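Welcome! We will go from stop to stop together.

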Amino acid sequence: MAQSRTKRLPPLPKSVHSHLGDIPVSLVDDLEEKKEALGMWEMAPRRISIHSKAAPEVQLQALYHEIVHVALMDSGVSNGLVKDAEEAVCDAVGTLLASMSLAGRLKLT
Ligand SMILES: [Zn+2]
């Protein structure tokens, strides 16, 4: 039987680590620049915003999606990707990381 995912999730971290310094994570009611988005990574001033009204599991997946954007940007990989390809990579890796986290195999601290 599959393990239930209905257990209470811990709150999102206030920041995530990067080799260029910790990146603040905020819950916001409105992502001003991206009306339909669930999360947003801004390279200046290096911050991640997550939509506050999304379900906790969706917030977690959005956070991992944005963390992958950070990794692609900081490594320079994003310079070689068109926008749609970068979004597809962030969706794929972000979904995997969120799934691992929801299964208790990966923790954000
Ligand atoms: Zn994205």
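Select G39 and I50: in this predicted model, I50 in strand 4 is the bridge partner of G39. Now widen the selection to strand 3 (residues 39–42) and strand 4, which run antiparallel and are joined by four bridges.

Next, look at the link between these two strands. Strand 3 and strand 4 form a hairpin, with four residues between them. Click on R46 in the turn, where phi is positive, at about 50°.

What does strand 4 pair with in the parallel sense? Select residues 23–28, which are strand 2, together with residues 47–51, which are strand 4: four bridges connect them in parallel.

Carry on to V16 and I23. I23, in strand 2, is the bridge partner of V16. Strand 1 and strand 2 are antiparallel, with two bridges between them.

In which order do the four strands lie? The order is 1-2-4-3, in an open sheet with mixed pairing. Strand 1 (15–16) and strand 3 are the edge strands, each pairing on one side only.

For the last stop, select residues 56–75, which make up helix 1. Turn the view until you see helix 1 lying across strand 1, strand 2, strand 3 and strand 4. Compare its direction with that of strand 3: helix 1 runs at about 25° to this strand.

Methods
Residues numbered from 1 in each chain as written. Predicted model: local features only at pLDDT ≥ 70, side-chain atom pairs only at ≥ 80, totals over all residues. Pairing = 2+ DSSP bridges. Contact = placed C-beta atoms within 7 Å. Axes fitted to C-alpha atoms, helices over the stretch in contact; angles between N-to-C directions.
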